[in-house]
Amino acid sequence: MRLKSFHAKSMSEAMRMVRQALGDDAIIVATREEEGGGVRVTAAVEEDDLVMAPSRATHHAPPKPILVEEPEIDVGEVVADVLHRHGVPAALAEQLIDAASSLDTDDPMLALGAALDSMFTFSPLHDKRTGNKPLILVGPPGGGKTLIVAKLAAQAVFKKRKVGVITTDTVRAGGMEQLAAFTRLMKIKLATVEDPDALAGAFEVNRGCDVVLVDTAGRNPYDREEMADLKALLSAGVAEPILVLPAGMDALEAADIAQSFKAMGVRRMLITRLDMARRLGSLLGTAHRARMAFCNASVSSKVAEGLTPLNPMAFARLMMPPEAKAARAAAKASPSKTKAVRSSSSRTIP
C-alpha cells in the first residue's frame, strides 16, 4: 500500500490533488488542519502485493475475489439529515448538499467540512495572517463580550504575551467590576475609558502590548443613537471590531443583528454559548446573509476553558460529533449490496 500526504488551502482542493495523484481508488486515512492554515490529507492506494522480475515470473491465476457485504453510504442523504436537524435555511442547505455530494468520499463529516469550506470564510483570531490590531468586541447585550475578553486575555497570558485590556462598559451594573476581577487574577492592568478620545489615549498607552482587547457595552442594533455612539468609538484608532453573537438565536433575527453591526465595519463573528445550543443552522444562515467570516467559538462559561478556533472541519464536528456520526451514517445507509474485493484489501475511513 502506498501512502502519500497532500497539503492544500481547502479540503476540496486537497481531495482533487489526491484523485489526480493516486486515482479514484485512493483511500483517505487521515485529515487534519494545519496551524499555519490549510489542511493536510493522507491517502493510500493499493499496489501489487508482489512484483516479480520477468525472468522468474510465473503465471498464476489472480486470487479469486471474495464477496464482502459492505453498506453503501449516501453522503448526500446523511449531510441533508444533519443540515435539517440543525435548521439550516432551505436554500443554503441545498447548496451545501450539492457541494458535499460532489466530493469523492464516503465520509459524511469530510464531505460536510468541504462543503462548508466552499461557502464560508474562516479566520481565527490572532492568526498570523490577520495581524495584531487591537480587537474591539461588540454586539447586542448579553452576548458574553466581557467573558470573551477574559478568555482571550487568559490565553495570551498563558502564551507569555504582553496583554492590554480596556473597557468602555461603564454603564452596565457590575460590568466593569467583573472584568476588573478577572484582570486582577491575571495581574493585568485594566484601563477604563468613557469616550473616543480616551480610547485613543488608551491605545497609545498599550502600544507596546502584543494583544490589546477592548470590552464594550452591549448595543441595541436597532437604536440609531446607540449605534452612532459605537461608530464614534470605533473611529478612535486602528482596531478591528469583532461581533460577539450567542448561538441559539432565531435565524432571521440573528442575521438582522449581524447586518447592523457589519455596517459598523465588522467582518468577523465570534460565537458564544455553544454549550447551550443544539441547533447551529442560524449561525450558518447569519454568516451567509451578512457575508461574515467565522473566527472562534466559546463552548464553556469558564475562563480557563478558552476559545476554539473555527475552521471547516471544526464546524463540521460541532454539527456532527464523532460519536453520533457512525449512528447517523448507519441509519442512512442504503441496503447492503454485494461488492467484489480482493482478499488482501481493506477499507479505512477516519
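Which residue stands opposite Val212 in β8? In this predicted model, that residue is Gly164.

First, some overall numbers. The protein has 350 residues, and 45% of them count as buried. Its secondary structure comes to 12 helices and 13 strands. If you take the contacts with a separation of 6 or more, 76% are between residues 24 or more positions apart.

Now strand β8, residues 211–215. It is largely enclosed by the rest of the structure, because 5 of its 5 residues are buried. The covering applies to both faces: Val211, Leu213 and Asp215 are buried on one side, and Val212 and Val214 are buried on the other.

What does β8 pair with? Strands pair through backbone hydrogen bonds, either parallel or antiparallel. Strand β6, residues 163–167, pairs with β8 in the parallel sense over 5 bridges. Besides the pair I opened with, Val163 stands opposite Val211 of β8. Strand β5, residues 135–138, also runs parallel to β8, and 3 bridges join these two strands. Here Leu135 has Leu213 of β8 as its bridge partner.

These strands belong to an open sheet of 8 strands with mixed pairing, in the order β7-β6-β8-β5-β9-β10-β11-β12. At the edges are β7, residues 190–192, and β12, residues 307–309, each of which pairs on one side only. From one strand to the next, the twist averages 25 degrees. Helix α5, residues 145–158, packs on this sheet; among the strands it touches are β5, β6, β8 and β12. The direction of α5 makes about 165 degrees with that of β8.

Next, helix α10, residues 281–290. Is α10 mostly covered or mostly uncovered? It is mostly covered, with 8 of its 10 residues buried. Those buried residues are Gly281, Ser282, Leu283, Leu284, Gly285, Thr286, Ala287 and Ala290. After the helix comes Arg291, which has a positive phi, near 55 degrees.

Helix α10 has a contact with helix α3, residues 90–101. Their axes come within 10 Å and cross at roughly 95 degrees. On the α3 side the contact is made by Leu92, Gln95 and Leu96, and on the α10 side by Leu284, Gly285 and His288. Sorted by class, this contact has 3 nonpolar, 3 polar and no charged residues.

Leu284 comes up again in the cores. As background, nonpolar side chains in soluble globular proteins tend to be buried together. The largest nonpolar core here has 76 residues, and Leu284, Phe294 and Phe315 have the most contacts inside it. Helix α4, residues 108–119, supplies the largest share of this core, 7 residues.

Which residues does Phe315 touch, not counting residues up to four places away in sequence? They are Leu116, Phe122, Leu280, Leu283, Leu284, Phe294 and Leu310. A second, separate core has 22 residues, including Leu137, Val149, Ala150 and Leu213.

That returns us to the opening strand. Leu213 is a buried residue of β8, the bridge partner of Leu135, and a member of that second core.

Technical notes. Residues numbered from 1 in each chain as written. Predicted model: local features only at pLDDT ≥ 70, side-chain atom pairs only at ≥ 80, totals over all residues. Heavy atoms only, no water. Buried < 20%, exposed > 50% of the residue type's maximum accessible area, 1.4 Å probe, protein only. Helix = DSSP H or I, 4+ residues; strand = E, 2+ residues; numbered from the N terminus. Pairing = 2+ DSSP bridges. Core = buried A, V, L, I, M, F, W, Y, C linked by side-chain atoms within 4.5 Å. Contact = heavy atoms within 4.5 Å. Axes fitted to C-alpha atoms, helices over the stretch in contact; angles between N-to-C directions. Nonpolar A, V, L, I, M, F, W, Y, C, P; charged D, E, K, R; others polar.
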